[in-house]
2 protein chains.
Amino acid sequence: MLGERMEREIREQPDALRRVDYFEPLQKALGGRDFDMVLLAARGSSDNAALFARYLIEVHLGIPVTLAAPSVLTRYGRKIKYENCLAVGISQSGAAPDVAEVLASLREEGHTTLAITNTAGSRLTQTAEFSVLLEAGLETSIAATKTYSATLRALYEMVRALGAPIAPPVLPDEEDVEAAREAAAKLSGTVVRCSPLFALGRGYGYSTAQETALKLMECALLPCKAFSSADFEHGPKALAGPGSAVISFDGPKPHLESMGTELLVAPFPEVDETSQPFFQVVFGQWLALHAARARGLDPDDARFLRKVTETL
Amino acid sequence: MLGERMEREIREQPDALRRVDYFEPLQKALGGRDFDMVLLAARGSSDNAALFARYLIEVHLGIPVTLAAPSVLTRYGRKIKYENCLAVGISQSGAAPDVAEVLASLREEGHTTLAITNTAGSRLTQTAEFSVLLEAGLETSIAATKTYSATLRALYEMVRALGAPIAPPVLPDEEDVEAAREAAAKLSGTVVRCSPLFALGRGYGYSTAQETALKLMECALLPCKAFSSADFEHGPKALAGPGSAVISFDGPKPHLESMGTELLVAPFPEVDETSQPFFQVVFGQWLALHAARARGLDPDDARFLRKVTETL
């Protein structure tokens with residue numbers, strides 16, 4: 001079956017998300033420390049997960065967050081003067097050289113550094129002062145699924161460890177994964193038929209919109225672009241209209257439907273808004289997998305992609 | 001002629017870019033002040049211009065930059081504890097309410113606030129402590145062109161006023177605008193024929209990639225997505241290959257050509273890398289205009305778009 005490994009890994013998420021408690025080691029490492037800002041360094045899917053953390057940190061801790069532009073260091077050789085900073089490098093393989101370079105530089109300058117990775121002994125764990133191992137198990141499909149949601153969880157627990165007054169996250173169980181599959185199966189035909197595709201979200205849901213767009217592109221080779229729901233109104237909306245489809249992680253958008261756009265509204269399970277990304281991303285993953293299968297593509301064998309990407 | 005106003009405004013850029021000296025008033029307002037960080041708040045094209053400023057500030061001043069996520073304030077009602085911060089709101093209309101709210105909040109907290117806008121007396125100028133008026137003249141096409149490049153210039157001069165050891169920017173003259181038109185005219189057929197389209201850039205050129213992708217979408221209704229050249233290697237590259245095209249603002253990409261991707265390399269005029277965006281974005285604007293005309297679309301009359309977009 002096409003995307004067999006991806007399907008297995010999507011289904012492993014309830015288990016992978018509960019396997020270890022990231023909170024305790026993170027609280028031991030970071031609890032009681034104050035930071036003036038948080039720097040998140042990541043690429044690809046991990047960068048999308050970082051967007052979730054950005055909102056959690058800014059909304060619940062009130063600390064400014066910056067998503068690193070590694071080329072400032074790796075291409076232009078410039079070190080930035082951060083105030084007392086927590087620098088977090090995120091990479092499932094732990095091999096991303098530019099993420100490791102940013103972390104090494106901040107550690108050298110005396111900042112606190114944390115690696116979040118699925119790979120013990122990887123370059124990132126050797127670089128950072130503290131490490132969280134995702135322990136999501138080996139991911140064999142090229143598309144990151146269980147490592148993505150495990151990263152979300154690790155970041156959520158990091159924000160709690162830093163003192164955010166939020167409850168532990170509500171996580172999807174097997175029934176939720178199946179419900180997401182059914183919802184996605186119903187909508188995958190529209191996704192395959194429409195072009196261009198847009199994934200919209202705001203706040204906590206923005207990361208899910210970005211991640212779903214990336215998955216639709218890499219698994220199903222469908223041109224999908226994510227926007228914050230607000231940014232979409234500033235120009236790109238010109239592309240909506242008959243033939244196009246919007247996947248909304250931000251609820252109904254009647255004004256887009258009235259323009260003739262097909263509107264796919266991702267389900268909102270009855271959990272706190274801060275836990276929605278754990279549920280909604282599963283819907284996005286299934287959407288990408290179903291669309292890939294409908295197009296006869298094997299997401300376990302994406303064209304020209306290697307599992308570990310190295311950029312400097 | 002389709003896009004007549006857009007063409008006129010593209011051609012007005014050499015004049016609009018030289019009309020006023022932003023440097024002196026900015027130096028008067030900001031010179032000698034030190035900031036621990038810079039916050040840039042913007043939407044749409046202005047947000048793309050902000051990306052240029054981000055690299056200039058981090059590389060030449062070593063001060064961390066964050067691109068605001070206005071919904072932290074407007075949706076979740078959270079005020080972030082910034083260190084001594086320069087907050088810059090960018091909006092050609094000066095009407096963006098969420099950008100103004102972010103600025104108002106930072107001003108109230110005692111930070112330095114600056115508005116960059118083309119509209120005297122607009123909400124943003126009333127909100128910020130300091131204002132730079134672009135004076136680019138009325139922009140009547142829906143697509144921002146001369147206000148975009150004028151914003152780039154204002155941001156560049158802001159970075160100089162903050163003490164960056166960079167020369168005044170080299171700006172395109174009428175011959176440069178015509179050379180960009182010719183280069184774009186040759187490549188617009190490929191852009192219309194290929195799907196999906198990708199615009200790639202890194203560092204200073206990343207903003208141009210983002211802005212070109214936005215222009216191709218809003219003017220020519222072509223699905224184009226921008227990536228940092230590094231991020232593109234992490235997944236989206238799966239979509240490259242026969243039928244697709246990459247517009248590179250980052251020089252040749254032979255490995256993408258060898259995959260069968262059409263590669264359109266934006267010209268690199270012989271100017272400092274920091275001045276390239278002023279030249280390369282003109283190429284991107286022409287590309288979008290030519291593609292729109294080839295598709296029988298009028299970029300002066302984009303579907304469903306209003307000139308001023310209000311989001312909260």
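Visitor: Which residue of chain B comes closest to the rotation axis?

Guide: This is a predicted model. In it, B:Thr66 comes closest of the residues of chain B, with its C-alpha at 2.5 Å from the rotation axis.

Visitor: What makes the relation of chain B to chain A that of a two-fold axis?

Guide: Chain B is superposed on chain A by a rotation of 180 degrees. The shift along the axis is 0.0 Å, and the RMSD is 0.0 Å. That is therefore the relation of a two-fold axis.

Visitor: How do you know that the copies meet through the same surface?

Guide: Of the interface residues of chain B, 100% are also interface residues in chain A. So the surface is the same on the two copies.

Visitor: How many residues does the contact take from chain B and from chain A?

Guide: Chain B gives 69 residues and chain A gives 69 residues. Contact here needs heavy atoms within 4.5 Å. By class, the side of chain B has 35 nonpolar, 14 polar and 20 charged residues.

Visitor: What area do chain B and chain A bury between them?

Guide: About 5,800 Å², with 56% of it on carbon and sulfur atoms. On the side of chain B, B:Tyr76, B:Arg202 and B:His234 lose the most area to chain A. Together they make up 12% of what that side buries.

Visitor: Why is the pair of B:Asp231 and A:Arg43 called a salt bridge?

Guide: The term needs a side-chain nitrogen of Lys or Arg within 4 Å of a carboxyl oxygen of Asp or Glu. The side chains of B:Asp231 and A:Arg43 meet at 3.5 Å, N to O. The pair therefore qualifies as a salt bridge. Across the interface of chain B and chain A, the rule finds six salt bridges. Over all chains, the count comes to 42. B:Asp231 is in helix H11 of chain B, and A:Arg43 is in the loop between strand S1 (37-42) and H4 of chain A.

Visitor: How many residue pairs are in polar contact between chain B and chain A?

Guide: The count is 24 residue pairs, both residues at pLDDT 80 or more. Among the elements that give two or more residues to the side of chain B are strand S2 (65-67) and helix H10 (204-220). H4(B) gives the most to that side, with eight residues.

Visitor: Now for the domains. Into which domains is chain A divided?

Guide: Domain 1 (4-161) and domain 2 (174-296). Their C-alpha centres lie 25 Å apart. The contact takes 25 residues from domain 1 of chain A and 24 residues from domain 2 of chain A. The two domains bury about 2,100 Å² between them, 67% of it on carbon and sulfur atoms.

Visitor: What makes A:Arg11 and A:Glu178 a salt bridge?

Guide: Their closest N and O atoms are 3.4 Å apart. The cut-off is 4 Å, so the pair meets the rule. Across the interface of domain 1 of chain A and domain 2 of chain A, the rule finds two salt bridges. There are also eight residue pairs in polar contact across that interface, both residues at pLDDT 80 or more.

Visitor: Which element gives the largest share of the side of domain 1 of chain A that touches domain 2 of chain A?

Guide: H4(A), with nine residues. The residues of that side divide into 14 nonpolar, seven polar and four charged.

Conventions. Residues numbered from 1 in each chain as written. Chains lettered and ligands numbered in written order. Predicted model: local features only at pLDDT ≥ 70, side-chain atom pairs only at ≥ 80, totals over all residues. Heavy atoms only, no water. Least-squares fit on C-alpha atoms with pLDDT ≥ 70 in both. Domains from an automatic or database assignment. Buried area = accessible area lost by both parts, 1.4 Å probe. Polar contact = N/O pair within 3.5 Å; in protein donor to acceptor, adjacent residues only side chain to side chain. Helix = DSSP H or I, 4+ residues; strand = E, 2+ residues; numbered from the N terminus. Nonpolar A, V, L, I, M, F, W, Y, C, P; charged D, E, K, R; others polar.
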